[in-house]
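My entries follow in the order in which I looked things up.

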Amino acid sequence: MRAARLLSLVLLLQTRGGMTAGQLAEELAVCERTVHRDVLALSEAGVPVYSDRGRGGGYRLLDGYRTRLTGLDRAEAEALFLSGVPGALREMGLHEVATAARLKAAAALPPGSRDAPRSAAQRFHLDAPGWFAGGDTPAALAPLARAVWGDHPVSTRYREANRELEPYGLVLKAGVWYLAAKSGERFLVYRVDRFTDVEVHDDRHFTRDPDLDLAAFWAERAAQFAKSLLTCRVTVNLSPSGLRALPSIADPAALPVALASVGEPDERGWVTVSLPVETVEVAFHQLLRFGPEAEVLAPAELRDRFADTARRLCAVYGVPGLATADRR
């Protein structure tokens, strides 16, 4: 642990040119006294580190000194590719590995480019979870991440059933973690927060299927899942304005089917559309967004609900009765 900290201290000074004891202590998550002891140890080991006293002082390396200990090991190289998602790295237990990798990469840059990592971090940040989503990290995430990185099979309990899995990859979708894993001969997707037990078999390895593309696999399964939710159809007439609003109101998975069903416009320019939806209840709230630019034709229960809603709106706004809709 101390050896890693000493290396990090040298890389920090090599990358940034000079730092105070307080700045080093903050970066290394230690006290200033520990920093002083570490600097002394480095000096005794032959590393040319010295201190500048007075205003703007701090610790520096002798001009021209560069450590050769900047090679990335496999874990650091893999973590470096995830550096844009710091929250995910922390949840998977890879934060320290990624920090070491970033320091080594920065130290290997020429002096004029060493501010590139900080410059990028000041300009771009990925906030994966949705608004108002809970921030609890699933207990199973860290061991599953270890199994994914090491290609280790796992014995798990998922929704009260015991399963033997080969974990291929983890996906973070809107703040929720999913595991793509092979069960028998099938590739399946599991929600990480629904695992209650995970035993990683560190003494064993499975052979990955080289043809599995995690991004493509996830995109295909996500599309299948979205389509599977659309179990109902509603028929609506849409005005020209309503048709233009359709892409922003319909579910993305439903839009191709809806657009393919568009009929010929009538004399007013209105068209009939068959729209896949999850349920009649969901359809009611979706179609409300069209306002007067849509007329529900079927099912009858949904049309009746809109008629009742229109009557209630008239009462709320003091309209004496339902007037004939002005379809423009």
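I began with the crossing of α12 and α13, which is right-handed; a crossing is called right-handed if the near helix is turned clockwise from the far one, and left-handed if the near helix is turned anticlockwise by less than a right angle. Helices here are DSSP runs of H or I with at least four residues, strands are runs of E with at least two, and both are numbered from the N terminus. This is a predicted model, in which local features need pLDDT of at least 70 and side-chain atom pairs count only at pLDDT 80 or more, while totals for chains, interfaces and linings use all residues. Residues are numbered from 1 along each chain as its sequence is written, and side-chain values use heavy atoms, with hydrogens and water left out.

I then looked up the geometry of this pair: α12 covers residues 280-288 and α13 covers residues 300-316, and the two pack at an angle of about 45° with their axes 11 Å apart. That angle makes α12 oblique to α13, since angles under 35 degrees count as roughly parallel, over 145 as roughly antiparallel, 65 to 115 as roughly perpendicular and the rest as oblique. The axes are lines fitted to C-alpha atoms, for helices over the stretch in contact, and the angles run from 0 to 180 degrees between N-to-C directions.

Which residues make the contact between α12 and α13? On the α12 side I listed V280, E281, A283, F284, L287 and L288, and on the α13 side E301, L302, R305, F306 and T309, where contact means heavy atoms within 4.5 Å. These residues divide into 7 nonpolar, 1 polar and 3 charged; Ala, Val, Leu, Ile, Met, Phe, Trp, Tyr, Cys and Pro count as nonpolar, Asp, Glu, Lys and Arg as charged, and the others, Gly among them, as polar.

Within α12, I noted A283, F284, Q286 and L287 as buried, which stands for under 20% relative accessible area, whereas exposed is over 50% and partly exposed lies in between (1.4 Å probe, protein chains only). The cover over the buried residues of α12 includes β8 (232-238), α10 (240-249), β9 (271-277), β10 (294-298) and α13. In the loop between β10 and α13 I found P299, and the peptide bond joining A298 and P299 is cis, with omega about 0°.

Next I turned to α2 (residues 21-28) and α3 (residues 32-44), whose axes come within 8 Å and cross at roughly 100°. The two helices are therefore roughly perpendicular to each other. The contact is made by A21, G22, L24 and A25 of α2 together with E32, V35 and H36 of α3, and its residues divide into 4 nonpolar, 2 polar and 1 charged.

The loop between α2 and α3 holds A29, which is not a glycine and yet has a positive phi of about 60°. A29 is exposed, with a relative accessible area of 71%. Most residues other than glycine have a negative phi, and most peptide bonds are trans. I found another positive phi, near 50°, at R159, which has its place in the loop between β3 (154-158) and β4 and counts as exposed at 54% relative accessibility.

Is E166 buried or exposed, or something in between? E166 lies in strand β4 (residues 161-173), and at 26% relative accessibility E166 counts as partly exposed. Leaving out residues up to four places away in sequence, E166 touches A180, A181, K182 and F206.

For the protein as a whole, I recorded 13 helices and 10 strands, with 34% of the 328 residues counting as buried. Among contacts with a separation of 6 or more, residues 24 or more positions apart account for 59%.
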